[in-house]
Amino acid sequence: MPPATILNPGIAQHTRDQHAPLYNVVLLNDDDHTAEYVIEMLEKLFAIAPSDAWKHVVEVDSTGRTIVMTCDLTAAEFGRDQIHAFGADWRIPQCKGSMSATVEPCPE
């Protein structure tokens, strides 16, 4: 337990703030979606600027994954679900649905 500072007799107050854990929304690569799709999705869902969205395209294509958002668990799960619900890439006829994403704890 962190040290306590007595500000009021009989009431101990902790001097260390406690923060909720953070989580990453990780977009996973596949061959069924175009770079244009990824940029469009990131702009619409996460308000990511086109130049930054392009950086995510390069990263997901070269490493297989990219972190698109870091936030609390509820927001991360919502972001992942939004990616899963974005729909197929109309530019690729064989595309069957949305891209995949995961929620992972952010390393401390």
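The dialogue below turns to the nonpolar core and then to the helix contacts.

Modeller: This is a predicted model, in which local features need pLDDT of at least 70, side-chain atom pairs count only at pLDDT 80 or more, and totals for chains, interfaces and linings use all residues. Residues are numbered from 1 along each chain as its sequence is written, and side-chain values use heavy atoms, with hydrogens and water left out.

Colleague: Which residues touch the most other members of the largest nonpolar core?

Modeller: A nonpolar core is a set of buried Ala, Val, Leu, Ile, Met, Phe, Trp, Tyr and Cys residues joined through side-chain atoms within 4.5 Å; buried means under 20% relative accessible area (1.4 Å probe, protein chains only). Here the largest core has 18 residues, and Leu-27, Val-38, Met-41, Leu-42, Val-68, Ile-83 and Met-99 touch the most other members. The largest share, six residues, comes from α1, where helices are DSSP runs (H or I, at least four residues) numbered from the N terminus.

Colleague: How do α1 and α2 lie relative to each other?

Modeller: Axes are lines fitted to C-alpha atoms over the stretch in contact, with angles from 0 to 180 degrees between N-to-C directions. Angles under 35 degrees count as roughly parallel, over 145 as roughly antiparallel, 65 to 115 as roughly perpendicular and the rest as oblique. The axes of α1 and α2 come within 9 Å and cross at roughly 130°; α1 and α2 are therefore oblique to each other.

Colleague: What does Leu-42 contact beyond its neighbours within four places in sequence?

Modeller: Contact means heavy atoms within 4.5 Å. Leu-42 is in contact with Ala-47, Ile-48, Ala-53, His-56 and Val-68, leaving those neighbours aside.

Technical notes
Buried means under 20% relative accessible area, exposed over 50%, partly exposed in between (1.4 Å probe, protein chains only). Helices (H or I, at least four residues) and strands (E, at least two) are DSSP runs, numbered from the N terminus.
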